[in-house]
Amino acid sequence: MQTIFVETLILGASYAALGYAAAHPGTLIVEETEGTGVEYAGNMRPSDLVDLPVTELGKQFYAFLKEHELVTEEGRLDLCGMTTAVNRYAVAHKLWILLDAAVVSVKKSDNGYVVECRTNSGLREIQARILLDTTSRRISSRGAAAVTRQWLHVLCSEAMEDPYHQLKEVNGDIITTPGFWPGEWTVSFPFSGETKLPEARLAVERQWRAAFPGGETLIDAVGFDFDEEAVDSGDEGICAWVGPHRYGNPVAAFDGGAALSVNDREGVPGHDVL
């Protein structure tokens, strides 16, 4: 088994992880899927309006998005376009990211942490002094996070008016968010933490048909998975956890990650995020 030694290991290629890695060269990010910015890319989570970042790295990242015409003057982000642009940013800034790496185990050691991952080239052991978890379900300590609510987001691109007016008659709990392009809307359907994905997809289809029986507005795309909101379950986690819903948009998450510092308040390296 190949062993990698790093100062800091981050679980989840979130925007906060990318910001932290940009601020701390040599940081390794391990991601179980095949992409970055996963808290928006896979589940089609909408973004809040972007404010000007605080950190210098955050400002540089914002300028990068502006240069590639991925953010409007109003502060709306082209989230689809960002899925590839953020990879170019990571390559240009030499961020160290291991994709398609499933976490098998996480353990404490005398010098920090030992994480075992399953990759396309076999098992890898990663030894790190500092460990930071930015995944939605807190995969470093499965069971230490409780999913309180799940969102299934759908995209429609030809609705010139807010589709909420029709959908609210069948589901008053939905949220609609205008997108980057004119007429583009994300419609967010809330579900309990226990709802299964196939069940949620069927519910969305039925509600959409009830709201638009003549096909006046069509769904262009549905998130591949749930957008999950989770909280501490009460069980102590093995390391610090920065969940995706701590920030309202990718720029804020990147900026927040760049500003994070990890210390050892209780003798456990990387246990506290300040």
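## A tour of ring pairs, pockets and a cavity

A search of the whole structure finds ten aromatic pairs, where rings of Phe, Tyr and Trp (its six-membered ring) pair if their centres lie within 6.5 Å, and planes under 30 degrees apart count as stacked, over 60 as edge-to-face and the rest as tilted. The model is predicted, so local features need pLDDT of at least 70 and side-chain atom pairs count only at pLDDT 80 or more, while totals for chains, interfaces and linings use all residues. Residues are numbered from 1 along each chain as its sequence is written, and side-chain values use heavy atoms, with hydrogens and water left out.

**First stop: ring pairs**

Select Phe61 and Tyr89, which form an edge-to-face pair with 5.2 Å from centre to centre and 80 degrees between the planes. Phe61 belongs to helix α3 (residues 56-67) and Tyr89 to helix α4, so that the pair links distant parts of the chain, 28 residues apart; helices (H or I, at least four residues) and strands (E, at least two) are DSSP runs, numbered from the N terminus. Phe61 is buried at a relative accessible area of 0%, and Tyr89 is buried at 1%, where buried means under 20% relative accessible area, exposed over 50% and partly exposed in between (1.4 Å probe, protein chains only).

Because Phe191 lies in strand β9 (residues 185-192) and Phe226 in the loop between β10 (221-222) and β11, the pair ties together parts that are 35 residues apart in sequence. Phe191 counts as buried at 13% relative accessibility, and Phe226 is buried as well, with a relative accessible area of 7%.

**Second stop: the pockets**

On a 1 Å grid over the protein atoms alone, a cavity is a set of points where a 1.4 Å probe fits but cannot get out, whereas a pocket is an open set with protein on both sides within 12 Å along at least five of seven lines, and lining residues have an atom within 4 Å of a point. Grid points are joined across faces, edges and corners, and a volume is the space filled by probe spheres set on the points.

Select Glu31, Thr33, Val38, Ser136 and Asp225, which lie nearest the centre of the largest pocket among its 31 lining residues. Two or more lining residues come from each of α2 (38-41) and β11 (227-232), and α2 gives the most, with three residues. This pocket has a volume of about 700 Å³, and its lining divides into eight nonpolar, 13 polar and ten charged residues, where Ala, Val, Leu, Ile, Met, Phe, Trp, Tyr, Cys and Pro count as nonpolar, Asp, Glu, Lys and Arg as charged, and the others, Gly among them, as polar.

For the second largest pocket, with about 340 Å³ of space, select Leu79, Cys80, Leu155, Glu184 and Thr186, which lie nearest its centre among 22 lining residues. The largest share of that lining, three residues, comes from α4, and by class the lining has twelve nonpolar, five polar and five charged residues.

**Last stop: the cavity**

The structure holds one cavity of 30 Å³ or more. To find the largest cavity, select its lining residues, among them Ser14, Glu39, Thr134 and Tyr247.
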